[in-house]
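Let's take a friendly walk through a protein model, a few residues at a time. Keep the picture open as you read.

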Amino acid sequence: MFEEILDVKGCACGHNHTLKTRDYIVERNAMEKLPALLEKSFAGAKPLAVFDQNTYDAAYPKLKKALPDIDTLILTGEKIVPNEFQLDTVTQVLKTGGFDLLLAVGAGVITDVTRYVALKQDVPFISVPTAASVDGFVSDNAALTLNGAKVTLPAKAPDAVVADLEIIAAAPLKMTASGVGDMLSKYISVADWKIGHLITNEYYCPFVADLTLKAVNIIVDNIEAIRKGDIESIGTLMEGLLLSGITIQMVGITRPASSFEHHFSHYLEVTPIEGIDHDALHGEKVGIGTVNAAKYYPIFAERLGRIFRENLENQFSMERVKEYYSKYPQSVVEMVEKENTPTITGNLNVGLLRQNFDKVRQVASEVPSSEKIVSTLRTVNGYTDYHQIGMTDEQFKETMKICCYIRNRFTLLRLMCDYRLFDFDKELTF
Ligand SMILES: NC(=O)C1=CN([C@@H]2O[C@H](COP(=O)(O)OP(=O)(O)OC[C@H]3O[C@@H](n4cnc5c(N)ncnc54)[C@H](OP(=O)(O)O)[C@@H]3O)[C@@H](O)[C@H]2O)C=CC1
Ligand SMILES: O=C(CO)COP(=O)(O)O
């Protein structure tokens, strides 16, 4: 499956896509193939395997069997956050130990920390996922929490991915549900990408968009089998997650994979909202965001017609946004200000919107219903409702009004906010 897309020449988007990740070992005992991979591609390298305690417990026994002399670094902390401390720790150990190859043995956070250090220190890295919890294992961006703000920065794509399905299948079901939540979000992110292209002329790649939807459809079609957690179905989930990460790599941006359902999750990660379960996983929050995005998506799309029918003005105001965020850490306010200068909705071309409005509605009508998303998530015991993470209706309302400003990305939610097309205080239904 991966071999076919290693090199896509003459793509309809006008670019060639060449994957930096060239080796994909996704099988029951993938770890056993690691020595041969090192011999083939990294002969003579001195590798360092980066874990946290949970991923060490889950994967070290098999890793040690395959590579008895492997050096290890276990990241510690009450909660492992991809922050300055963890980046410094990996960098120091890498440098002092004279290592020249990193193995990220873990889930989303370990992989992001490792890939960012790999870029900064210019060493190759291999992704060794221990759970099917996110779609970022082969992407070339790292989602980091720097100075308390959640930022996504360029990072290194892995040279290879070694996904040992026996280890991944043994991870808690919560992590699988999180991976499914992260994947269902692609229905929203791809729709927003298509609409952004239609009405702002932003770069869009139909091949990558289709591949992203193929990745999520593989998972939805096999959701009953995935719930069983057997090796084969976990392999299907992992392939879908890797494909989605590949799409990020192909276009070098997270646009195909992240839209306002992700902004909902990022916002909850960096703003200390009272009562929220801050241990909820990325994909769990994204899944909840996706259910709500799907619920409002057709309404939001329909409202865009008012912009050209009523000659509405863009009412984006940095002062207003800063006021919204003023109760949160200064670093978050600064990130939001930096992100939104100048504002992305300034790119809206009203002529294109008028001309393409039927196509916009068509794209919106292809987003699966929130009921369908809920049913898929429930199959794997995933969260579907913000109350499950301790959020109140009031907090949800507030979040919907402001989470879109955490990124400067063209989304339907962002248009609703900037053009005041939706009255969140009155129209949200709970
Ligand atoms: N770069 C990209 O393209 C993307 C990045 N992301 C980022 O990834 C992060 C989320 O990653 P996610 O995987 O959800 O969360 P974490 O990496 O925080 O992992 C969640 C938990 O899983 C534990 N764990 C991992 N593997 C196993 C296992 N086999 N058995 C038991 N426990 C295990 C971890 O242990 P422990 O508690 O010891 O850490 C941790 O508690 C976010 O920061 C998100 O923004 C998400 C998508 C794409
Ligand atoms: O978490 C990410 C992809 O899953 C990155 O999201 P952003 O592009 O919104 O920062």
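This is a predicted model: local features need pLDDT of at least 70, side-chain atom pairs count only at pLDDT 80 or more; totals for chains, interfaces and linings use all residues.

A pair of aromatic rings is described by the distance of the centres and the angle of the planes. Searching the whole structure turns up 20 aromatic pairs. One of them joins Y386 and F396: their centres are 4.2 Å apart, with 5° between the planes, and the pair is stacked. Y386 belongs to the loop between α17 (370–379) and α18 (393–402), while F396 belongs to helix α18, so this pair links distant parts of the chain, 10 residues apart. Both Y386 and F396 are buried.

What kind of pair do F396 and F430 form? Planes over 60 degrees apart count as edge-to-face. The planes of F396 and F430 stand at 80°, with the ring centres 6.5 Å apart, so this pair is edge-to-face. F430 is in the segment after α20 (424–427) and F396 is in helix α18, so the pair ties together parts 34 residues apart in sequence. F396 has a relative accessible area of 1% and is buried. Elsewhere, a single aromatic cluster is formed by F260, Y296, Y297, F300, F422 and F424.

## Two helices that cross

Two packed helices are described by the angle between their axes and the distance between the axes. Take helix α6 (residues 173–184) and helix α12 (residues 282–303): their axes come within 7 Å and cross at roughly 45°. That angle makes α6 oblique to α12. The crossing of these two helices is left-handed.

Which residues make the contact? From α6 come K174, S178, G181, D182 and L184. From α12 come H282, G283, E284, V286, G287 and T290.

## Inside and outside

Is S265 buried or exposed? This residue of helix α11 (residues 260–270) has 0% relative accessibility, so S265 counts as buried. Leaving aside residues up to four places away in sequence, S265 touches H282, K285 and V286. H282 and V286 are also among the residues of α12 that contact α6.

K426, found in helix α20, is exposed, with a relative accessible area of 70%. Between K426 and K397 there are 9.6 Å in space, C-alpha to C-alpha, although they are 29 residues apart in sequence.

## What covers two helices

Let's return to α18. Its buried residues include Q395, F396, K397, T399, M400 and I402. Among the elements that cover the buried residues of α18 are α11, α12, α14 (318–325), α19 (412–418) and α20.

Helix α17 has its own buried residues: S370, I373, V374, T376, L377 and T379. What covers them includes α6, α7 (186–200), α8 (206–221), α9 (223–228) and α12. After α17 comes N381, with a positive phi near 60°.

Key
Residues are numbered from 1 along each chain as its sequence is written. Chains are lettered from A and ligands numbered from 1 in the order in which they are written. Side-chain values use heavy atoms; hydrogens and water are left out. Rings of Phe, Tyr and Trp (its six-membered ring) pair if their centres lie within 6.5 Å; planes under 30 degrees apart count as stacked, over 60 as edge-to-face and the rest as tilted. Helices (H or I, at least four residues) and strands (E, at least two) are DSSP runs, numbered from the N terminus. Buried means under 20% relative accessible area, exposed over 50%, partly exposed in between (1.4 Å probe, protein chains only). Axes are lines fitted to C-alpha atoms, for helices over the stretch in contact, and angles run from 0 to 180 degrees between N-to-C directions. Angles under 35 degrees count as roughly parallel, over 145 as roughly antiparallel, 65 to 115 as roughly perpendicular and the rest as oblique. A crossing is left-handed if the near helix is turned anticlockwise from the far one by less than a right angle, and right-handed if clockwise. Contact means heavy atoms within 4.5 Å.
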